[in-house]
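Q: Please work through the model shown next in short questions and answers. Start with the terms for accessibility.

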Amino acid sequence: MRRRDFVLTGVGALGALVGAGLLGGVLREPAPVAATATGASSGAGTPRTRVARLAAEAGKAVRPDGPFDHVAFVPEGAGGERIQVRFLTADGPGPWQAVRPGGHGPDSGGSDGRVLPAPEGAVGYEVEAPGGSTVQTAAIDTREGERVQMRGEAEGILSTEGAAEELPPLRYVTRAGWGADESLRYGEDGSESWPREYSPVQVFTVHHAAMPVAEDPRETMRAIYRLHTVENGWGDIGYHLLIDPEGTVYEGRVAGGTVPVFQAPPIPGAAKSVTAAHAVGYNSGNIGICMLGDYTSEQPSRAARDRLVRVLRTLALLTGVDPGAKVKYVNPVTGTERTADAVAMHRDWGDTACPGDAFAARFGEIRKRVADPLGFT
């Protein structure tokens with residue numbers, strides 16, 4: 001059996017899988033929406049992501065044969081140490097940018113590469129690494145590939161109907177909606193590269209992507225997905241949910257059921273989330289939400305912060321986790337323990353600057369709003 005085919009080529013071939021939302025333990029299908037790159041019903045399809053893997057040697061320019069809009073840096077050749085990159089355009093080389101691993105990955109560890117967007121008109125790039133090491137890179141094209149149709153609905157709904165507090169339904173872009181090529185999660189024998197495991201939810205952790213967001217955030221989603229799933233070798237994207245600067249929510253790691261994040265429609269106090277790869281050593285029972293953008297020196301937009309509060313409040317109601325509490329987190333698989341806020345930052349779990357110094361300095365405001373029944377308004 002070969003790698004499973006979840007993508008249909010050809011403009012007219014829409015799939016039949018239906019995404020469903022949670023409504024107080026009752027499943028309800030969202031209104032049909034064509035799964036295109038823009039979320040419209042034009043039938044234009046999503047560009048298939050194309051990749052060229054290239055070794056970057058010190059002092060030598062890398063010039064991919066075709067177009068590319070992102071570059072992934074896999075730290076095999078550099079031993080995970082700090083590397084730098086600069087992009088080449090017709091106007092000459094741009095400034096050097098630091099590329100650092102961010103403390104993401106499965107609890108077992110492994111590669112933690114980074115992906116950065118290339119500027120418009122980029123024709124190549126140069127990489128510097130400690131000791132002149134060769135760095136493995138992947139030039140990613142999320143825009144110009146063959147147009148394909150994705151199976152499934154483009155939008156889903158999470159609702160707290162029937163919970164202790166009812167919020168407006170939370171809409172999210174499904175994996176089909178942002179263009180996840182599901183075949184990448186499977187090996188040539190048809191088996192999943194990263195079999196799903198589930199644990200009772202204990203905490204929520206907020207990240208930032210530490211990179212600019214494309215004009216179409218679905219391109220950023222596909223680039224991160226490619227990095228995590230294939231280049232890092234994790235088998236899927238490492239976050240459960242992601243939020244762009246406009247406040248749009250995107251489905252992350254495959255949960256395998258009828259709703260994102262969870263094994264089954266969640267019951268407060270007994271909800272189980274699929275294990276992802278966003279906080280090494282502390283992933284099981286830890287829901288990871290990534291803010292698309294770089295918040296090292298600026299705050300996320302108001303729309304993104306408001307939606308983050310809504311997402312966290314919704315998750316708290318669905319799981320029964322007290323968002324204002326300190327919790328003694330225990331990894332149910334490894335036994336690792338740590339005391340943390342129920343609404344944590346990535347830096348609370350390890351040596352990383354995530355979710356950015358500027359955002360971290362005011363993150364207490366997010367916690368306060370999530371814990372306040374009126375804070376999401």
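A: Buried means under 20% relative accessible area, exposed over 50%, and partly exposed in between (1.4 Å probe, protein chains only). The model is predicted: local features need pLDDT of at least 70 and side-chain atom pairs pLDDT 80 or more, while totals for chains, interfaces and linings use all residues. Residues are numbered from 1 along each chain as its sequence is written, and side-chain values use heavy atoms, without hydrogens or water.

Q: Is Ala61 buried, partly exposed or exposed?
A: Ala61 sits in the loop that joins β5 (50-56) to β6 (70-74). Its relative accessible area is 39%, between the two limits, so Ala61 is partly exposed.

Q: Which residues does Ala61 contact, leaving aside neighbours within four places in sequence?
A: The C-alpha atoms of Ala61 and Tyr125 are separated by 5.7 Å, although these residues lie 64 apart along the chain. Contact means heavy atoms within 4.5 Å. With the sequence neighbours set aside, the partners of Ala61 are Leu88, Tyr125 and Glu126.

Q: What is the C-alpha distance between Gly131 and Ala58?
A: Gly131 is placed in the loop between β11 (124-128) and β12 (135-141). Its relative accessible area is 88%, and therefore Gly131 counts as exposed. Gly131 and Ala58 are 73 residues apart in sequence, and their C-alpha atoms are separated by 9.1 Å.

Q: How many helices and strands are there in the chain?
A: Helices (H or I, at least four residues) and strands (E, at least two) are DSSP runs, numbered from the N terminus. By that rule the chain has five helices and 24 strands.

Q: What percentage of the contacts in the chain with a separation of 6 or more comes from residues 24 or more positions apart?
A: The chain has 377 residues, of which 55% count as buried. Among its contacts with a separation of 6 or more, the part from residues 24 or more positions apart is 74%.

Q: Why does Ala277 count as buried?
A: Ala277 belongs to the loop between β20 (272-274) and β21 (286-291). Beyond four places in sequence, Ala277 touches His104, Gly105, Pro106, Trp194, Trp234, Gly238 and Asn283. The C-alpha atoms of Ala277 and Tyr239, 38 residues apart along the chain, are separated by 6.5 Å. Ala277 counts as buried because its relative accessibility is 0%.

Q: Is Arg218 buried or exposed?
A: Arg218 is part of helix α2, which covers residues 217-231. With a relative accessible area of 13%, which falls under the limit, Arg218 is therefore buried.

Q: What is the phi of Ala210?
A: The loop between β17 (203-208) and α2 holds Ala210. Although Ala210 is not a glycine, its phi is positive, at about 60 degrees.

Q: What is the relative accessibility of Val261?
A: Val261 is in the loop between β19 (249-251) and β20. It is not a glycine, yet it has a positive phi of about 75 degrees. Val261 also counts as buried, because its relative accessibility is 1%.

Q: Where is the Cys354 to Pro355 peptide bond placed on the scale of omega?
A: Pro355 lies in the loop between β24 (343-345) and α4 (357-361). The peptide bond from Cys354 to Pro355 is cis, with omega near 15 degrees.

Q: What is the arrangement of α3 and α5 relative to each other?
A: Axes are lines fitted to C-alpha atoms, for helices over the stretch in contact, with angles from 0 to 180 degrees between N-to-C directions. Helix α3 (residues 302-319) and helix α5 (residues 363-371) have axes that come within 9 Å and cross at roughly 45 degrees. Angles under 35 degrees count as roughly parallel, over 145 as roughly antiparallel, 65 to 115 as roughly perpendicular and the rest as oblique. The arrangement of α3 and α5 is therefore oblique.

Q: How many residues of the contact of α3 with α5 are charged?
A: From α3, Arg302, Arg305, Asp306, Leu308, Val309, Leu312 and Arg313 meet Ile366, Arg369, Val370 and Ala371 of α5. Of these residues, six are nonpolar and none is polar, while the number of charged ones is five (Ala, Val, Leu, Ile, Met, Phe, Trp, Tyr, Cys and Pro count as nonpolar, Asp, Glu, Lys and Arg as charged, the others, Gly among them, as polar).
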